[in-house]
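This briefing is meant to be read alongside the sequence and coordinates. Please keep both in view while going through the points.

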Number of protein chains: 2
Amino acid sequence: MTADTSTRIDGPRSKRMKVLDAAVDNFGKVGFEHTKWATIADEVGIGQTALYHYFESKVHCLLTIMSTELERSLERAQTAVEELGDHEEILRAAVASAFQVTPREALQARILLSHQDLLVARRTSQQEEVERLRARELVREIEREWAGYLRRGMDAGAFLDRDETVLVRLVLGLLNSVWRWYRPDGPLTLAQISDAVVEGCVRLVK
Amino acid sequence: MTADTSTRIDGPRSKRMKVLDAAVDNFGKVGFEHTKWATIADEVGIGQTALYHYFESKVHCLLTIMSTELERSLERAQTAVEELGDHEEILRAAVASAFQVTPREALQARILLSHQDLLVARRTSQQEEVERLRARELVREIEREWAGYLRRGMDAGAFLDRDETVLVRLVLGLLNSVWRWYRPDGPLTLAQISDAVVEGCVRLVK
């Protein structure tokens, strides 16, 4: 694809992406509650009316950030385990993939974790509800994907045989809990944390 | 203590407790955002002005629910490990204590988990800020308490020697992640989940 077609295809999307990026930065730094729509509009260089063209509300934008992050984390895991055969290697690669992220993606993962209770209750706005349902379906897909890694490892005798529906929640719970306390300026690098969580998850299933 | 003295002592506190209980029930069921102050006042049988006598805002009430739950979980663990000498037994008892809760306490643990990002940023209201700082201090106390269980187990050779500051976060992250998905009407009892998490935590540290 030449730069030209890429611009043509990304053109209408790029402003939307810029809005999402600005929202991630602001929600991540000062929190969703304290972020003003006007700040995001300013940062992207559009008016507030134009902003509503992309997202009908701050919650709609937040839910889109959440479902985008869920989709990315599913794809990251699927790509990481491609062509792997050994069950422990598959688990290690999938867990490690969760931490191979840019600083902004790390922020996005944290936003997802902090607002996950938003996925529980029905939204009255139609656009918000569409995005909420998409996010919920992705949560289920991620659980199915990971339950597959565990179940196949158990069937092959690589992991101890247990109820994989509980185990998958413990593995994902352990992995996601990192985003609550990880800070880019903290004492631990993401690579160090990744190593500790990979070892932890392997020990959990063995 | 006779019923009489109990009433006398609890008297002024009991209405505050009733407000907290009603808030836990409502925040847990319909969410913090969707709960109306008026609903809580109605359930307790007081006016909204009287409600402000106990909590100056919904956030103040939420932060109090969070710090109360943190305090209770610290005390639960400390009581559970009293008189125990074996390091693995201490860890098992501490983890299991997190799940020896009433349905309302389970709801409260879930509210704590869902709103933990509220503890990050300074509050402008003084009463809210006092409660936020109390909650943050309790988070640190809980981490110190559990880091102690792990460090002493490592020093005694019962657990594999590692950086306990990372490990304590993984153990607490695993344990707390349950409140995100546990539902009283779900397929798993709290006792079954407790067993799985106890085993998981022991495997994490060994």
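The model is predicted. Chain A is split into domain 1 (1-54) and domain 2 (58-205).

- The contact between the chains involves 21 residues of chain A and 21 residues of chain B.
- On the side of chain A that touches chain B, α8 (164-181) and α9 (190-205) of chain A each supply at least two residues.
- The largest share of that side comes from α8(A), with 10 residues.
- By class, the residues of chain A that form this side divide into 10 nonpolar, 7 polar and 4 charged.
- Of the interface residues of chain A, 100% are also interface residues in chain B, so the copies meet through the same surface.

**Domains of chain A**

- The centres of domain 1 and domain 2 of chain A, taken over C-alpha atoms, are separated by 25 Å.
- Between these domains of chain A, 8 residues of domain 1 are in contact with 12 residues of domain 2.
- Helix α1 (residues 3-30) of chain A gives the largest share of the domain 1 side of this contact, 6 residues.
- The side of domain 1 of chain A that touches domain 2 of chain A consists of 6 nonpolar, 1 polar and 1 charged residues.
- Within chain A, A:Y52 belongs to helix α3 (residues 48-54).
- A:Y52 has 13 other C-beta atoms within 10 Å and is therefore partly exposed.
- A:Y52 and A:E33 are 19 residues apart along the chain, and their C-alpha atoms are separated by 18 Å.

- Helix α4 (residues 58-81) of chain A has 24 residues.
- From first C-alpha to last, α4 of chain A reaches 35 Å, close to the 34 Å expected at 1.5 Å a residue.
- Just after α4(A), A:E83 takes a positive phi of about 70°.
- Most residues other than glycine have a negative phi.
- A:E83 sits in the loop between α4 and α5 (87-97) of chain A.
- A:E83 is exposed because 7 other C-beta atoms lie within 10 Å, and a residue counts as exposed at 12 or fewer.
- In chain B, B:E83 also has a positive phi of about 70° although it is not a glycine.
- B:E83 is located in the loop between α4 (58-81) and α5 (87-97) of chain B.
- With 7 C-beta neighbours inside 10 Å, B:E83 likewise counts as exposed.

**Nonpolar core**

- In soluble globular proteins, nonpolar side chains tend to be buried together.
- The largest nonpolar core of this model has 100 residues.
- A:V171 and B:V171 touch the most other members of that core.
- Apart from its neighbours within four places in sequence, B:V171 is in contact with B:W146, B:C201, B:L204 and B:V205.

Note on methods:
Residues numbered from 1 in each chain as written. Chains lettered and ligands numbered in written order. Predicted model: local features only at pLDDT ≥ 70, side-chain atom pairs only at ≥ 80, totals over all residues. Contact = placed C-beta atoms within 7 Å. Helix = DSSP H or I, 4+ residues; strand = E, 2+ residues; numbered from the N terminus. Nonpolar A, V, L, I, M, F, W, Y, C, P; charged D, E, K, R; others polar. Domains from an automatic or database assignment. Expected span 1.5 Å × (residues − 1). Buried ≥ 20, exposed ≤ 12 C-beta atoms within 10 Å, placed from the backbone. Core = buried A, V, L, I, M, F, W, Y, C linked by C-beta atoms within 7 Å.
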